[in-house]
Structure formats: C-alpha cells, structure tokens
Amino acid sequence: MGATVTTANTGEKTWGGGNEPLGASYGKLMMWFFIVSDALTFSGFLAAYGFSRFKFIETWPLPDEVFTHFPFMHGVEAPMYYVALMTFILIFSSVTMVLAVDAGHHLNKAKVAFYMFLTIIGGLIFVGSQAWEWKNFIKGEYGAVETKGGSLLQFVDATTGKRVKLEDFAAKLPEERTQLTRSQGKWFMEESSLPTYSVAEVQEGFKTHPNVRVRIETIYKDDAAAKKDTKVDHTLSHHKHKTVLTREESALRLENAHLVVEGANLTRNEYGSKLFADFFFFITGFHGFHVFSGVIINIIIFFNVILGTYEKRKSYEMVEKVGLYWHFVDLVWVFVFTFFYLV
Amino acid sequence: MSHDKHEHVSNLGRIWKVFAILSVITTFEVAMGIVKPDVLHMNNFLSMNLLNWLFIILTLVKAYYIVWAFMHMEGEKASLRWTVVAPIIFLVLYLLFILLVEADYIYEVFKNATIKWNF
C-alpha cells in the first residue's frame, strides 16, 4: 500500500532507520507486540485449563448447570443468557471504540470524545456484570457434600429429577460448633466461615426424606456396560449428564461424607472438580483485570481528547493504540466465553 | 504523518456489518448451547462432539472479524500481519497439541490404575 514513503525506499535502506518497514509507527508496532505476548499468556492459561479438563474429562462440571442466574429472575433457570448479554456489551463497546477511531481519522474531536465515553461506560458495565457473576458463583445455590476421598456429592429429587438445596431437606440438630478464629487458636489457627449445616444434619435429613438421591460427579454414558451397574439409578441418569445413584447406594456414599461445601472458594466448590473454580477465578479474574485497566487507559485518553492534546497534534493515533488494546480484551473474552460457558 | 494515506476512508458501513455478523454468531452460539441438538451433541469427530467443533470454529470466525475489521489488520502490510498472526497460530497449536495429548494420557493412567484416587 506504499504507506511508508518517508525516504527514498531502496532495498538497503528499508531497515536503515528513519523509516517504517512494517508500515506502522513505533508506538503502534509496540502495541501489536504487546498484544502478541499477552495473547500467548492467555493461550497458556486456557491451554492449562484444557489440560485439567481433559485430565478430568469424566467428572468436569457442566457449565450450563453452573451459570444459571439472571438479574431479577430468581429461581428461573437461565443458562448462559447473562454471559451472552455480557458478550454483547463488550462487543458493542468494541464497536463504539472503532467508531471513535474512525472519527479520529476525520479529526472530529466531539465525536471521538462521545464514542470514547460510550466505550468507557460499556467497559464499566461489563466489569460490574462480572462482579455480579462472581458473587453468584461464590455464594452458590444448592450446596454439596464432600467425601473423605475428595469427591463431591450433590442431591436430586427422585420425583422431579431436579437438584435439591441442602436447606430443603437438611435436619436441624441441637448441636453447636463455633468457628475457629485467630483469637481462639493456639498458633495462627483459623478457619473460614462455617457452612450453614453440619454433615450430621445433612445425613439425618437424607434419612427422613426418602426421595432425595445422591448425584455424583461422573458423567453418565448411556451404553450396555453402564446399564449393568446396579448402583446407578438408570431412570434418573441421562446420557451426557451427571450420574444419579440408587437410594441404597446414596446412603452408603453419604456415610463417607466429611465436609459440607457451599458456594466456591480457591480450595473447594460445590460445582465439582476443585480445579474448576480455581481456573474460573484466575482466568476470568485476569481478563476482568484487563478490562479494568483498559477502562482506566480509556479514561486517560478520553481526557486527553477533551483537552485537545490530539487536536493540537493533528493526529488521533493514540486513540487507535488504546483501541487495539480494547479490541484485544474483547477478543480474549470471545475465547473465554467459548471455553468456559459453551464447550 | 506517513500513514495518512489509507486512513481517510470512512468505513462506517463495514463496522456495522461486522457488528451484525458478530451478534448473529453469538446469538446462534447461545441458542445452540441451550438447545444442544442431538445430531451435533451426540456425534464425535476426532473424539470431540460436533457441537464443540461448531463452537470453536465460530469462535475463530469471530476472532477473525475482530482482528481484521476492528483492529484493522486488513489495512496493514502483509509483513506486519504475518509477524503478529503466524507466531500465535504456531505456538498455540503446538501448546494445545502437547498439553491435550498429555492430559488424555494422564486421564487413561488414572482410569486404569489399580488405586482409586477419588471416591
């Protein structure tokens, strides 16, 4: 496209300085190289996530059972609607960013400022949405029980086939246990907040509610070999969904329980594989941090636009550079969306 | 400035068209994720179901539009395009290949082991 005609462009002089061999200014080129390295960082994270998922392929949580919340719709199963909305918000803020860049090419200060402002608002809404998503994830909904062997037991209703919350069946026993805090410990000893129910209360509640069944982490495979397994309830278990056990086997498994798990933290979570929550927090958190820093950078550039810095410079290339970063953040989200929510 | 030449063309039409494409793809993906048609979900290709293949391919299509249209890669020199895109494609494919094959191997080891490690 002959964009670099600063000097007489002979073969030897291409890399001789005072020239732009790749047709992009120094700043823009460095932004591209930063994006390359950041893209490889995210690829490393997502590949590590893929590694752990393939390693535990039979027991990994099913995303459409985990992310089912939508604002102001309590108790309604809305798998993925919310993340879809978040994706639209981010894509739209990418559009306003590219409109700002376009207005910059026409040196239209007012338009650049307006579109930059919209981009910042979009970014803030996205970060806020992510915070809400984290809140639901951390709080949890149904609760589960962890066995001594480290696997997770969830509960379903045998008549409806739907999940049951611990609070719907757990008994209330006259027992008391205080949380171990720093002030009561002997040597830097403490524990996180106590779950609402004790293991004994869940076990007792299970005995008095005959239609509660245990659901294990293993994904059910509907074939002849699986049908022979007498421990599994074959009417409640569905192909490519989690396995539901018979009442007798449920009782046996529950005897091995030793922890009640509610919500999620970095050690364990009620959704399944312990690594699932770790990767969720780390990857969406790292992406959220990128969005946050993108918003900050956009705000700085926005004020520069308002102050007329680029107007004086007769070039809005800085807007283009932050635009590159902003689109990159959107690009990463497209992949996070696929690998955490869809696949 | 040296790069003023190709920049004064306004491509508003292109921007909105790409936005429409990205929105349609995302809506389609979410619909597929909710419906999960058996034809796609229950049939495998290279030990991954067709639905997941569809999602991954559509994601790459979206990535193409974001990089080419929004990041304006289509207007850059071929040398810059290759400098940015080639290392990523090569390294990511390589990383995925070694990690996923290794993960599948570890899965087999756990599965066929005499010791139960998670019960």
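User: What does the secondary structure of chain A come to, in helices and strands?

Analyst: Chain A of this predicted model has 11 helices and five strands.

User: And how many of each in chain B?

Analyst: Chain B has four helices and two strands. Read from the N terminus, the order of its elements is α-α-β-β-α-α.

User: How does the radius of gyration of chain A stand against that of a compact globule?

Analyst: The radius of gyration of chain A is 27 Å, whereas a compact globule of 343 residues would have one near 20 Å. Along the principal axes, the C-alpha trace of chain A spans about 85 × 50 × 45 Å.

User: What are the corresponding values for chain B?

Analyst: Chain B has a radius of gyration of 21 Å, while a compact globule of 119 residues would be near 14 Å. Its C-alpha atoms fill a box of roughly 70 × 35 × 25 Å along the principal axes.

User: Which domains is chain A divided into?

Analyst: Domain 1 of chain A is made up of residues 22-140 + 276-342, and domain 2 of residues 144-262. The C-alpha centres of these two domains of chain A lie 37 Å apart.

User: Where do the domain bounds fall in chain B?

Analyst: In chain B, domain 1 covers residues 1-75 and domain 2 covers residues 78-119. The C-alpha centres of domain 1 and domain 2 of chain B are 24 Å apart.

User: Changing topic: where does UniProt place the "transmembrane region" feature in chain A?

Analyst: The unreviewed UniProt entry gives that annotation to residues 29-51, 80-100, 112-132, 279-310 and 322-342 of chain A. In the model, residues 29-51 of chain A are 100% helix and 0% strand, with the end C-alpha atoms 33 Å apart. Residues 80-100 of chain A are 95% helix and 0% strand, and there the end C-alpha atoms are 30 Å apart.

User: Which residues of chain B carry that feature?

Analyst: For chain B, the unreviewed UniProt entry places "transmembrane region" at residues 15-35, 50-70 and 82-101. Residues 15-35 of chain B are 100% helix and 0% strand, with 30 Å between the end C-alpha atoms. Residues 82-101 of chain B are also 100% helix and 0% strand, and their end C-alpha atoms lie 28 Å apart.

User: At what angle do H11 of chain A and H3 of chain B pack?

Analyst: Helix H11 (residues 317-342) of chain A and helix H3 (residues 50-70) of chain B pack at about 175°, and their axes are 10 Å apart. Angles over 145 degrees count as roughly antiparallel, and H11(A) and H3(B) are therefore roughly antiparallel to each other.

User: Which residues make that contact?

Analyst: From H11(A), they include A:His327, A:Asp330, A:Leu331, A:Val334 and A:Phe335. From H3(B), they include B:Phe55, B:Ile56, B:Thr59, B:Lys62 and B:Ala63. The residues of the contact of H11(A) with H3(B) comprise 10 nonpolar, three polar and two charged.

Key
Residues numbered from 1 in each chain as written. Chains lettered and ligands numbered in written order. Predicted model: local features only at pLDDT ≥ 70, side-chain atom pairs only at ≥ 80, totals over all residues. Axes fitted to C-alpha atoms, helices over the stretch in contact; angles between N-to-C directions. Parallel < 35°, antiparallel > 145°, perpendicular 65-115°, else oblique. Contact = placed C-beta atoms within 7 Å. Nonpolar A, V, L, I, M, F, W, Y, C, P; charged D, E, K, R; others polar. UniProt positions renumbered as here; feature names shortened; annotations may be inferred. Domains from an automatic or database assignment. Rg over C-alpha atoms; globule rule 2.2 N^0.38 Å.
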